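Biologist: I'd like to walk through this model with you. Can you start with what your words mean?

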Amino acid sequence: MHSRSPHDLGPVRAIISGGGTGGHIFPALAIAEAIKKLRPDAELLFVGAEGKMEMERVPAAGHAIVGLPVVGFQRRLTWKNLLFPFKLWKSLQKARGIVRSFRPDVGVGVGGYASGPVLQVCAGAGVPVLVQEQNSHAGATNRLLGKKAQLVCIAHENARHFFPEEKTLMTGNPVRSDLVALSKDGALRENARDEGRRFYGLEAGRKTLLVTGGSLGARTLNEALRGHLPLIGGATGVQVLWQCGKNYLDEFAPVAEQYPNVRLVPFLERMDLAYAVADLVVARAGALTVSEICLLGLPAIFVPSPNVTEDHQTANARSLTEKSAARLVPDVLAAQELVPLALELLGDEGQLSELSANARALGIGDAAERIALEVVQLAERKKSSNR
């Protein structure tokens, strides 16, 4: 008698919930793509928060999404917190309807407001739950969900402290496929650096400092560069690709254009090519940025944002600095220390090589595939048990 294939059980049905920022959405989309590669017949439904960026990004990637009215609880005193219990109750009610009608075999949470109500309902309905924690310091929603989850996939060893050991698995953070394709066997794809220089109008023969404050830009990084433009302008053999954020362009463009070795852009249209040209990266320490730096083995200085919950960006950066895989400059010291440190590192090939090798040792390029395999196995066990 032939044993039945898992595919005989019918298509895997998975709810993927979370969002609010690109740091949650891009991993969710990467996991979805990897699930579809494993099981092309998989049926996926995203659940996000109404008005957040996932409501546009997910349909643009070809997936169905439903929004919940959930909002975050503000840590400062504000009238908006009066709405929190009402919106949470409404979100739980809507989540119950979604789970009842979609009948998922597994629920996947990637962090963010929406994952709370959805995965609570999944767990209560006997649907297995997988949580993906991107940061070194686990967020409040994921810490609560971790108690009910069958599996928690983490990207930093430090995150183990927040979850039961027996259900924690190191997988890394899913990174966009164009960045995975940029790095092959620990080296940049052939011609990527030349392509990047052409795309961003940079010179060969100069060390390139890439400064990025994320899609919106970061005032601290922008101010630090503006304050040291004469020093940068006088640094022979150095050029800067400075992504300032579109809201800052009018303020910083007039000063930047006075220096021929400074290329100011509002946003980085090709992140893969920006990384390809970089000899050193200056950035905030969001979970995805840290994972990208490690995957590509790029020397980096992190300036953690002070405006995030529980200072998790500092924890992310320290997970690298403790292994001599990056340098850290606190936000309050960036104006004085950031640019001098960057120029010092660019002039020291030994330090750049050490940071690069140690970062690359922490990189994981197949995180999405690892997580997708766990998602599919949880779903198949659920389907088998229902037969």
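Modeller: Grid points are joined across faces, edges and corners, and a volume is the space filled by probe spheres set on the points. One caution: this is a predicted model, where local features need pLDDT of at least 70 and side-chain atom pairs count only at pLDDT 80 or more, though totals for chains, interfaces and linings use all residues. Residues are numbered from 1 along each chain as its sequence is written, and side-chain values use heavy atoms, with hydrogens and water left out.

Biologist: How much space lies in the largest cavity?

Modeller: About 50 Å³. The structure holds 1 cavity of 30 Å³ or more.

Biologist: Which residues line the largest cavity?

Modeller: Among them are Ile-16, Ile-25, Phe-46, Glu-54 and Val-110. Strand 1 (13-17), helix 1, strand 2 and helix 2 (54-60) each give at least two residues to that lining. Helices (H or I, at least four residues) and strands (E, at least two) are DSSP runs, numbered from the N terminus.

Biologist: And how do the residues of that lining divide into nonpolar, polar and charged?

Modeller: There are 8 nonpolar, 3 polar and 1 charged. Ala, Val, Leu, Ile, Met, Phe, Trp, Tyr, Cys and Pro count as nonpolar, Asp, Glu, Lys and Arg as charged, and the others, Gly among them, as polar.

Biologist: Switching to charges: how many salt bridges does the count come to?

Modeller: The count is 22 salt bridges, each being a side-chain nitrogen of Lys or Arg within 4 Å of a carboxyl oxygen of Asp or Glu. One of them joins Glu-380 and Arg-39, at 2.5 Å from N to O. Glu-380 sits in helix 16 (residues 367-386) and Arg-39 in the loop between helix 1 (22-38) and strand 2 (43-49), so this pair links distant parts of the chain, 341 residues apart.

Biologist: Is Glu-380 buried or exposed?

Modeller: Buried, and so is Arg-39. Buried means under 20% relative accessible area, exposed over 50%, and partly exposed in between (1.4 Å probe, protein chains only).

Biologist: What about Arg-143 and Glu-310, how do their side chains meet?

Modeller: In a salt bridge, 3.3 Å from N to O. Arg-143 is in helix 5 (residues 140-146) and Glu-310 in the loop between strand 14 (300-302) and helix 13 (312-321), 167 residues apart. Arg-143 is partly exposed at 26%, and Glu-310 is partly exposed at 36%.

Biologist: Which residues are linked in a network of salt bridges?

Modeller: Arg-219, Glu-223, Arg-226 and Glu-251.

Biologist: Which charged residue is buried yet has no salt bridge?

Modeller: Lys-167 is one of that kind; the nearest side chain of opposite charge, Glu-166, is 5.6 Å away. For charge, Lys and Arg count as positive and Asp and Glu as negative, with His and the chain ends not counted. Lys-167 lies in the loop between strand 6 (151-154) and strand 7 (168-170). Leaving aside residues up to four places away in sequence, Lys-167 touches several residues, including Gly-146, Lys-148 and Leu-151, where contact means heavy atoms within 4.5 Å.

Biologist: Back to helix 13. Why is it largely enclosed by the rest of the structure?

Modeller: Because 7 of its 10 residues are buried. His-312, Thr-314 and Leu-320 are among them. What covers those buried residues includes helix 12 (287-296), strand 14 and strand 15 (327-328).

Biologist: Last one: is Gly-51 buried or exposed?

Modeller: Exposed, at 80% relative accessibility. Gly-51 is in the loop between strand 2 and helix 2.

Definitions and conventions:
1 Å grid on protein atoms, 1.4 Å probe; cavity = no way out; pocket = protein on both sides within 12 Å on 5 of 7 lines; lining within 4 Å.
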